[in-house]
Amino acid sequence: MTQRVHSIGVIGGDGIGPEVTEAALEVVRAAGVVMTTEHFDLGAARYLRDGFVLDEATLEQLRGFDALMLGAIGPAIGDTRIPGGTLERGLLLRLRFGLDLFINYRPFRGVAGSLAQGCDFAIVRENTEGPYAGEGGVLRRGTPYEVATQGSVNTRFGVERCVRYAFERARHCARPKVTLVHKTNVLTFAGDLWSRVMTDVQGDYPDVAVDYHHVDAACIYLVEDPRRYSVIVTDNLFGDILSDLAGAVTGGIGFAASGNINPTKTGASLFEPVHGAAHDIVGTNRANPLAAVSSAVLMLEHLGEDEAATRIARAVRDFEGDASILGTSGITNQLLERL
Ligand code: IPM
Ligand code: MN
């Protein structure tokens, strides 16, 4: 069989983003995967230099890759030169929406010593709709009569493709179960749509168990009894919040990986660690690359490089030692040795 060559667009981004991305690329190459990489200078530093965020031509260029890897985007804490939303809406969400990355897949595995030690579950977050869609507006801004609305967009099409993806993931799990998390008792319009879609899709997966939790209760269960979960499916905003909580109880978002996935492959999927740019530790060899490496594992699964994905995932799982002592290079070297 001839070796496949994957084209990867790399957005290292800001802070520790480029460091963890380089570590992940090194591990992927060491696992025998052949890639061409093209780097894109995007993020806070770029914006501060010349005001560029993302344009249509660059978006189209990014669409054409087999996959995209992103490190982290954002200015240092306390740096107020970039208006809120500029990079979030202009870059990250524009990539998610523009490339139709309608799934945000975030797997969690409780590391030793964490609240959720030994737990294995995943959050399937709808990634193109909900309160993130940008619906709403403001009237009489800055006056005492100001009005601001920000609606949640939920389409039958968008909800159904997300719920189906969750069931597809769940059927391959050790415990095939999908838990819908929402707030159907208050958000009755959106909640009703999500619930009915769950019921409709469930019929096609008789071997997958289903459950429902209100989002506030799910916050308690995630802390007190995360073993209840196998695959959680939820809307964009609940998924954003729950995945930070899930990261915290499974060992810190230093370990959390994510895939912004377009399963239909009409746009390149984007893989990124959940953590931020951590400008305070740039260049100190203190960045933990495990989340970026785990994100690369998701990328390899997406690319059909299952063998390399399994080997790297095992090396991450078997990782031992104090990440804060080993540092970026120590952790990377241990992974390379374990491959
Ligand atoms: C995430 C982040 C983003 C989100 C921000 C940076 C736009 O918090 O990927 O979870 O809200 O989705
Ligand atoms: Mn988030």
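Two strands count as paired here if DSSP finds at least two bridges between them. Keep that in mind as you explore this predicted model.

**Stop one: the sheet.** Show the strands as a cartoon. Ten of them form an open sheet with mixed pairing, and you can trace the order S2-S1-S3-S12-S11-S4-S5-S10-S8-S9. Now select residues 34-39 and 209-214: these are strands S2 and S9, the edge strands, each of which pairs on one side only. As you look across the sheet, neighbouring strands are turned against each other by 25° on average, with direction ignored.

**Stop two: a strand pair.** Select residues 5-13 for strand S1 and 67-72 for strand S3; the two pair in the parallel sense over five bridges.

Next, select residues 236-249, which is helix H8. This helix packs on the sheet and touches strands S4 (103-109), S5 (120-126), S8 (177-182) and S10 (231-234). The direction of H8 makes about 155° with that of S5.

**Stop four: two helices.** Finally, select helix H9 (residues 290-302) and helix H10 (residues 306-317), whose axes come within 8 Å and cross at roughly 160°. Because of that angle, H9 is roughly antiparallel to H10. The crossing is left-handed. To see the contact, show side chains on H9 for Leu290, Val293, Ser294, Val297, Leu300 and Glu301, and on H10 for Asp306, Ala308, Ala309, Ile312, Ala313 and Val316. Colour them by class and you get nine nonpolar, one polar and two charged residues.

Conventions
Residues numbered from 1 in each chain as written. Chains lettered and ligands numbered in written order. Predicted model: local features only at pLDDT ≥ 70, side-chain atom pairs only at ≥ 80, totals over all residues. Heavy atoms only, no water. Axes fitted to C-alpha atoms, helices over the stretch in contact; angles between N-to-C directions. Helix = DSSP H or I, 4+ residues; strand = E, 2+ residues; numbered from the N terminus. Parallel < 35°, antiparallel > 145°, perpendicular 65-115°, else oblique. Left-handed = near helix turned anticlockwise from the far one by under 90°. Contact = heavy atoms within 4.5 Å. Nonpolar A, V, L, I, M, F, W, Y, C, P; charged D, E, K, R; others polar.
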